[in-house]
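Me: I've got a structure open on my screen and a few things I'd like to ask about it. Can you walk me through them?

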Amino acid sequence: MVVLRMTSFVKWILILFGLISVIANIVIVCLYSGRLPKCSSKPHHVFKGKHNERSAVFADLSAEEYLQVRDYMSNQKDLDISVNALTKPSGNFLFLIDVLLPRKADALGYLDNNKPKPVREATAVVFYGTLGHIKEYVVGPLPNPIYHRDVTVERYKEELPINARTVTIGEYALISKFINEEVFTKLGKIVKESFDVSKEKTLNYFEGMPRGVKSGERQTWISFFRDLSGMYIHPVGLEVLINHESTNASLWSVKRLLYNGQYFDSVEDLLKQYDDGKVTKIVYKPVQNYASLKLKSKPTGVSPQQFYAQGKRFSVKNNHVMYLEWSFAFGLSSLTGMRVFDVRFKGERIAYEVSVQEAMSVYGSITPGMILTKFLDSSVGIGRFAHELVRGVDCPYAATYIDTFRYIDVSASQRFRNSICLFEHNTGRPLRRHFSDFFSNSYGGMVNSALVLRTITAIGNYDYLWDFIFYQSGSVEAKVHATGYISSSFNVDGNLKYGHQVAENTIGNIHTHFINFKVDLDVLGVENVFQTKDMKFMNVSLPWMPERYAMVPQLVEAQLKTEKEAALRYDTKTPRYLHIASNRTNRWGHQRSYRLQVVSFTGDSLPEMEPEEKSMSWARYKVAITKHKDSEQTSSSLYSQNNMWTPAVDFSKYIEDDENIENQDLVAWVTTGFLHIPHAEDIPNTVTVGNGGGVILRPHNYFDEDPSIHSPDGVYISPGSEGNCENNKMACLAEDACSPVVEPFTYNGFEGTIKFEE
């Protein structure tokens, strides 16, 4: 009994001692942590060179410049222009103001040869409802414009019909009014019984595009969805075809309706057949909002964060960025989105321009709202929908955030706070490394730390992450990832041929994503050639044993001479190495070049027999090389979506003239993307993992060796030097420990959202 009591006493003494030790350790750690110095906000890095003030030639318009152009245009009485965002289609509306980029030769002359600064000008787009056409004007000089010039025919070789215009906020306001009066009010009994619509409760709508089947039409299938967050995956089974060709809204009409898989010629036809019992009725029942992104688990802590222990190694001033050996200018076009200019590595220009051009999707369905849908996002504006980025989620918390300004479908320019972010990113894997185990022992490696320029555009249901990544190996990557909500349709007979069921009565429709980038590489100047490299197995006699043969891979090289030769289609086998090359050579006698490495999982492009295909003819080509022309600025246009059959820009015509591309200023048009067959895990949102594509611009014999070998991030360890900080900064990381300076969290992202009232 005494032994048992002693054992119990000892046990409790040990437990108490252990508890005291734990508490003491926690106190010590907390006290020590509190003494950690704050990380310096001032960079220890010494920048090479200075910011290039001349990069302002590529800068987006400022809020003041937008205002100056708007006021100048509205003061031209002969133009009779309204700047009211709710202007009706029958009026004349100043829809868009954007910077007009200078001619390339003028920009290079200014950047490189001290020639005069190009005149700063803007493009203004006016929808003339009174006259039935669209006009584009050049307005300048900026600041303080004094002239405007109609350049519509000069740019597009023809006048632009009014029905090629984007649907404006003013037109959407009238469409909503029309739906309420001509559909919901007249179908009051049906929409109440089927969808619980009332004065207090409505349905949301989503449009199919294009708006018709031939030029001149403006007839839109509108699909209805429950009025819930994430409405895109709550279809209800009602779709309506509206004819809104006329700029006079009083002449609009309902052409057809689809209710629960059955078509009707008019609202009256649906009402009569519904009352006569000839319709399979949809019976309303409440559903849980499976589309909600509200948290289903309580947050338990903070995810791993990155911070800058010795300050940021990049610097941004106005529209110019410096990072280690890199420098570039950047911008965000309302129509096409993110772009960079004058990209230099070690002081040498690698690319004049790398930019997003278009994002396109083609859908499959049995229901009309999706069956013909082909979205061309630049026609509504890719950059237009770049809202504020959420600190710590959309970008690392410690990133640098940049405001942008836009003027598109508004009455005054809008400021979008923190809509671009810039950060140096440790990818979590080495850029290069080797552990030597044979003959000698050593380790050499380098962290893959790269600079990322990012924006995210929420275009309707989809959110696209756009990244431009600058690596210390001299490579640049332009990359896109997709997330957000899938588009869906109501589950009717036959629809499972076009997708999977992902929720009750909900089909996730099969669709493609095609993304087009413009890559204007200038490799040691503007006189370049386009080369391809690949491999083939050759049956080779062994030199020391001539009677024996072996299949050995051999290098195959070619230089393509014309634009048609260099238009590499997705439906044919293309060489795996594609190069823009200079005629100058490196130390080893090889032409210095940059390789275009396309990362893509695209579906099939739309067959060329389809009349809409001309508006997206760029999607035929994995890579197409053309001779640079200032008149061939973009692969698509603002007007492609609503006039697909006679597009203002048909990219295939850039290739038709089949110009010589040897020793010329070359532009690569690169198409990437992925096929998306929606599945249950796309509910509520598609994830970015595996859903993306891009192009990597990689030096290929451009240097004499890997330039990252000169990076200060390198680590070298030999036996006996494991703790030596001179060649291994990681060995002394503990001595440099500091606590990060954390900016307060703010968010103003709901500023600048679309509103249908003053």
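Predicted model: local features only at pLDDT ≥ 70, side-chain atom pairs only at ≥ 80, totals over all residues.

Me: Which feature does UniProt place at Tyr462?

Reply: Tyr462 is found in strand S20, which covers residues 462-470. The record that marks this residue is an unreviewed entry. The feature UniProt gives there is "modified residue: 2',4',5'-topaquinone".

Me: Is Tyr462 buried or exposed?

Reply: Its relative accessible area is 4%. Buried means under 20%, so Tyr462 counts as buried.

Me: Which side chain makes a polar contact with the side chain of Tyr462?

Reply: Leaving out residues up to four places away in sequence, Tyr462 touches a set that includes Tyr363, Thr457, His511, His513 and His676. For the polar contact, the distance is 2.8 Å. The partner is the side chain of His511.

Me: How many residues from S20 are in the largest nonpolar core?

Reply: That core has 89 residues, and those with the most contacts inside it are Val519, Leu521, Phe530, Leu596 and Ile625. Phe530 touches Ile625, and its other contacts include Leu560, Leu568, Ile580 and Leu666. The largest share of the core comes from S20, and the number is seven.

Me: How many residues does the other core have, the one with Met360 and Trp669?

Reply: This core lies apart from the largest one. Ile408 and Val649 are also among its members. Its residue count is 34.

Me: Which residue is joined to Pro684 by a cis peptide bond?

Reply: Most peptide bonds are trans. Pro684 is found in the loop between strand S32 (666-676) and strand S33 (692-700). Omega is about 0° for the bond in question, and the residue joined to Pro684 is Ile683.

Me: And which one is joined to Pro143 by a cis peptide bond?

Reply: Pro143 has its place in the loop between strand S3 (133-140) and strand S4 (147-150). Here, too, omega is about 0°. The residue joined to Pro143 is Leu142.

Me: What is the relative accessibility of Lys157?

Reply: Lys157 lies in the loop between helix H4 (152-156) and strand S5 (160-161). Its phi is positive, near 65°. Exposed means over 50%, so Lys157 counts as exposed at a relative accessibility of 68%.

Technical notes:
Residues numbered from 1 in each chain as written. Heavy atoms only, no water. UniProt positions renumbered as here; feature names shortened; annotations may be inferred. Helix = DSSP H or I, 4+ residues; strand = E, 2+ residues; numbered from the N terminus. Buried < 20%, exposed > 50% of the residue type's maximum accessible area, 1.4 Å probe, protein only. Contact = heavy atoms within 4.5 Å. Polar contact = N/O pair within 3.5 Å; in protein donor to acceptor, adjacent residues only side chain to side chain. Core = buried A, V, L, I, M, F, W, Y, C linked by side-chain atoms within 4.5 Å.
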